[in-house]
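Me: I'm new to this structure and would like to learn how to read it. Could you take me through some features, with the general idea before each case?

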Amino acid sequence: MVSSTRNDGFVVFEHVQKSYDGESLVVKDLNLAISKGEFLTMLGPSGSGKTTCLMMLAGFETATHGEIRLDGRPINSVPPHKRGIGMVFQNYALFPHMTVGENLSFPLEVRGIGKADREQKIRRALDMVQMGAFANRRPAQLSGGQQQRIALARALVFDPKLVLMDEPLGALDKQLREHMQFEIKHLHETLGITVVYVTHDQGEALTMSDRIAVFNDGRIQQLAPPSDLYERPQNSFVAGFIGENNKLPGTVEEIAEGRALVRLATGELIDATPVNVSRQGQKTLVSIRPERVEFKPEMLPPNAHLIDAEVMEFIYMGDIFRTRLKVAGSEEFVIKSRNTLGQRMLEPGEKIRIGWAPQDARALDPL
Ligand SMILES: Nc1ncnc2c1ncn2[C@@H]1O[C@H](COP(=O)(O)OP(=O)(O)OP(=O)(O)O)[C@@H](O)[C@H]1O
Ligand SMILES: [Mg+2]
């Protein structure tokens, strides 16, 4: 039995690099350890290297440098079908000339599994995705969502310990996508499988994942559980990519003991939490989430920072109000507030005072 001598994760990328052309690196020194049973999502903009990482793990691409391990074993030279990994892609990639049953049978045949066993496994996998009645249909006779379920069943049919999914729901409409997110999450929980999931949809990543690796430019910018990523982004890229953020440019005037004093472009001084700035004189972007800004200063703690603002636009969105303001020279400052009893609607041109708690203002790199 091969047991992991290095107790460092079920899937490990160690100093992995990838270049397609021998010059530019599309994956730059990737270090990532994924635990058994974890749902890990790679999230990032187009071209950031997510699919490349998944393809290296699946064995369809080779790493230019570094080592990839699965269950303690280096797999760099193990062919894809011997890695025991299930895969689901965006375009389903079902074999069009085969029935659903034959599509599911294929990965079992490749693995030399006998007929009786195959039939039992196919039935179980189809039931798992509630497609038991569709074994004799061809892919063209199924809806997009049904095809995606079959693709999922095919990835799971041979009991893989690891399943890779690359934008599996990208082609589905919003409602079906949300339903399938729930189903995939449910399967992950009931089967106890490890999932590496790729998406560029942040909502999908936040709702499904145990941890999210935010990719940009071939590097992981931050690896953290969803709430951490949203509440404590470690740099301006992550702050801007996950959710919405108000950004006020300024210069670090003083920095000490978890507190930075930032002079904004307009001359105003504000308190912020230093995140990735460390010295006086550094340029910074102070980022504040729209839902952390308050119209009613009496609702804020005594050390809150208050600032003048002018209403530019007020949008009624039903459950919330979205107010765009001019604050410290920026006309793109947004507040999201809940539509609560007695909350009045604001008029463009109105001058108001707004505020936030200093810990909700985070001093980040200027990008
Ligand atoms: N087979 C290939 N040959 C050459 N370059 C490639 C190849 N596949 C990907 N690339 C390049 O590598 C970079 C990373 O691509 P990758 O497909 O990993 O990005 P991604 O994060 O999955 O993007 P998307 O969200 O658009 O799917 C891109 O610049 C892309 O053009
Ligand atoms: Mg991709």
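Me: Which order do the strands have in the open sheet of four strands?

Reply: General idea: strands (E, at least two residues) and helices (H or I, at least four) are DSSP runs, numbered from the N terminus, and two strands pair if DSSP finds at least two bridges between them. In this predicted model, the order in that open sheet is 17-16-15-18, and the pairing is antiparallel. Strand 17 and strand 18 sit at the edges, each pairing on one side only. From one strand to the next, the twist averages 50°; axes here are lines fitted to C-alpha atoms (for helices over the stretch in contact), with angles from 0 to 180 degrees between N-to-C directions.

Me: Before we go on, how are things numbered, and what gets counted?

Reply: Residues are numbered from 1 along each chain as its sequence is written, while chains are lettered from A and ligands numbered from 1 in the order in which they are written. Local features need pLDDT of at least 70 and side-chain atom pairs count only at pLDDT 80 or more, whereas totals for chains, interfaces and linings use all residues; side-chain values use heavy atoms, leaving out hydrogens and water.

Me: Back to the sheet: how many bridges are there between strand 15 and strand 16?

Reply: Six bridges join strand 15 (residues 305-316) and strand 16 (residues 320-327), in the antiparallel sense.

Me: Is strand 3 largely enclosed or open?

Reply: Start with the rule: buried means under 20% relative accessible area, exposed means over 50%, and partly exposed is in between (1.4 Å probe, protein chains only). Five of the five residues of strand 3 (residues 39-43) are buried, so this strand is largely enclosed by the rest of the structure. In a regular strand, side chains alternate between the two faces of the sheet. Here both faces are covered: Phe 39, Thr 41 and Leu 43 are buried on one side, and Leu 40 and Met 42 on the other.

Me: Which strands does strand 3 pair with?

Reply: Strand 8 (residues 194-199) pairs with strand 3 in the parallel sense over five bridges, and there Phe 39 has Val 195 as its bridge partner. Strand 9 (residues 211-216) also runs parallel to strand 3, joined by four bridges, with Ala 213 opposite Met 42.

Me: How many aromatic pairs are there?

Reply: Rings of Phe, Tyr and Trp (its six-membered ring) pair if their centres lie within 6.5 Å; planes under 30 degrees apart count as stacked, over 60 as edge-to-face and the rest as tilted. Searching the whole structure gives six pairs. Take Phe 95 and Phe 106: the ring centres are 5.1 Å apart and the planes at 75°, so this pair is edge-to-face. Phe 95 lies in the loop between strand 6 (85-88) and helix 2 (100-110), and Phe 106 is in helix 2, so the pair ties together parts eleven residues apart in sequence. Phe 95 is partly exposed at 26% relative accessible area, and so is Phe 106 at 36%. Now try Phe 333 and Trp 356: with centres 5.9 Å apart and planes at 25°, the pair is stacked. Phe 333 belongs to strand 17 (residues 330-338) and Trp 356 to strand 18 (residues 351-356), 23 residues apart. Phe 333 is buried at 1% relative accessibility, and Trp 356 is buried at 0%.

Me: Where does the charged end of Arg 154 sit?

Reply: A charge sits over a ring if NZ of Lys or CZ of Arg is within 6 Å of the ring centre and within 35 degrees of the ring normal. Arg 154 has its charged end over the ring of Phe 95, 5.2 Å from the centre. Likewise, Arg 289 lies over the face of Tyr 230, 3.9 Å from the ring centre.

Me: What lines the largest cavity?

Reply: On a 1 Å grid over the protein atoms alone, a cavity is a set of points where a 1.4 Å probe fits but cannot get out, and lining residues have an atom within 4 Å of a point. The lining of the largest cavity includes Leu 152, Met 165 and Val 195. Helix 5 (174-191) and helix 4 (144-156) each supply at least two of the lining residues, and helix 5 gives the most, with three.

Technical notes:
1 Å grid on protein atoms, 1.4 Å probe; cavity = no way out; pocket = protein on both sides within 12 Å on 5 of 7 lines; lining within 4 Å.
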